[in-house]
Amino acid sequence: MSSSTPELKQSQDKERLIKVSERRFERVVGVSFLLSFLATVGLGVVYWQGGQTQVEGALLFIALGGLGFGIVSWGKYLVPQGPYVQEREELQSPESEREAFVESLERGANQIQRRSFLVKMLGAAVGAFGIITLFPFIRSLGPQPKKMLYVTNWKKGSALVKADGTKVRATDLEVGGVLTVFPDGHPGGAISQTILIRPSFQDIVTKPGRETWGPQGYLAYSKVCTHAGCPVGLYQELTQQLLCPCHQSLFDVMTGANPVFGPAPRPLPQLPLYIDSQGYLRAQAGYDEPIGPGFWERGA
Ligand code: FES
C-alpha cells in the first residue's frame, strides 16, 4: 500500500502535522472542560457551606471561562474551517490520493472516539453548571414565612412605643401630630409598624363597630401600604389624608383609611386603641386582618 512518491510523502507529512496539532487542541479543550467542571463543583461546595464571595467569584470565573474557552477553541481549531472546493478531475483517483483518503478515514475514526470524550466532558461541565445555578433558588429563599405574614406582634394590651422603646402617653401628640409606633418589646419591627395620628381631641368613630377604637382623637393604622408594602408615612393635616410616597395612594383617616386615590386596593387596617389608667396608649387587640399588599386576599 505504501508509495514513495514525493507527493504522497508530502501529503503524509501534512496529515501527521495536522494530527499532532489536533491532538494538542483536543487536550487543551478537554482540560478546559475539566477545569470548568471542577470549578463548578467547588463553587457548589463553597456556596453550600455558607459562601465566600471572593472564592465564589474566582471559581465562577474559572467555570465560565473554562467552558467558554473550550467551546471557542473547539470551534476554531477542531472543526474543519473550509471553504471546500472540489475540482472536477478524471474519475479515477491517483494512487496517492486513494491512500491519503484511507488514512484520512482511519484518522477520522480515531477522531470520533476522542471527540465523543470531549462531548462527554462538555456535557459534564454544562450539566454541573446548570445544577449549581439552581442552588440559589433552593437555598437562598430562606425559611418559609409561615404565619409571620399573617399576624403582627400587636396583641391585646400591647403598649404603643416609639422607635427608641419609650411608651407613648395620651398627652404626647397635639392635634395634627403624627408618630410611628410599635408594640412594646418590638420597636423597629417592619411588619408591626403603625402610624399614630391625632386629628382631633374628641373620640373618633371611623366606621360602625369601631366606636371605641379612637379615644381622645387618636387613630392608629398599619403603616404598610396595601398596594405594594411601602411605608405610608406622610400625613396631610388639612385634608386628613395619609399619603403613600411610592405611588401616591391617598387614604382618608377619618373613614377608616379608605383609599380615595391611587392604586391601593383596600383600606389600611386600623388598630383599636384605648388609654390605660396611667395615661398610656395601648392596643385593645391586634389587627383583625392581615396587613400589607393584597396577597392576603388571593391566598384565601
Ligand atoms: S406602595 Fe403605596 S401606593 Fe404603591
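Gln248 is found in the loop between strand E6 (241–243) and strand E7 (250–252), where helices (H or I, at least four residues) and strands (E, at least two) are DSSP runs numbered from the N terminus. The model is a predicted one, in which local features need pLDDT of at least 70 and side-chain atom pairs count only at pLDDT 80 or more, whereas totals for chains, interfaces and linings use all residues. Residues are numbered from 1 along each chain as its sequence is written. Although Gln248 is not a glycine, it has a positive phi of about 60°. Gln248 is exposed, with 12 other C-beta atoms within 10 Å; a residue is termed buried if 20 or more other C-beta atoms lie within 10 Å of its own, exposed if 12 or fewer, and partly exposed in between, with C-beta atoms placed from the backbone.

A positive phi, near 55°, also occurs at Ala257, a residue other than glycine. Ala257 lies in the loop between E7 and E8 and counts as buried, with 27 C-beta neighbours inside 10 Å.

Gly262 is found in the loop between strand E8 (258–261) and strand E9 (273–275). Gly262 is partly exposed, with 16 other C-beta atoms within 10 Å. Apart from neighbours within four places in sequence, Gly262 is in contact with Cys244, His247, Gln248, Ser249 and Leu250, contact being defined by C-beta atoms, placed from the backbone, that lie within 7 Å.

A further glycine, Gly292, is located in the loop between E10 and helix H4 (295–298). Gly292 counts as buried, with 21 C-beta neighbours inside 10 Å. Gly292 and Ser222 are 70 residues apart along the chain, and their C-alpha atoms are separated by 7.9 Å. Beyond its neighbours within four places in sequence, Gly292 is in contact with Val224, Thr226 and Gly229.

In its overall organisation, the protein has 4 helices and 10 strands, and its elements run α-α-α-β-β-β-β-β-β-β-β-β-β-α from the N terminus on. Of its 300 residues, 25% count as buried. Among contacts with a separation of 6 or more, 57% are accounted for by residues 24 or more positions apart.

With neighbours within four places in sequence left aside, Leu242 is in contact with Ile195, Tyr221, Val232, Leu234, Tyr235, Phe251, Val253 and Ala257.

The axes of helix H1 (residues 6–48) and helix H2 (residues 53–78) come within 8 Å and cross at roughly 155°. H1 is therefore roughly antiparallel to H2. Axes are lines fitted to C-alpha atoms, for helices over the stretch in contact, with angles running from 0 to 180 degrees between N-to-C directions; angles under 35 degrees count as roughly parallel, over 145 as roughly antiparallel, 65 to 115 as roughly perpendicular and the rest as oblique.

Note on methods:
Two residues are in contact if their C-beta atoms, placed from the backbone, lie within 7 Å.
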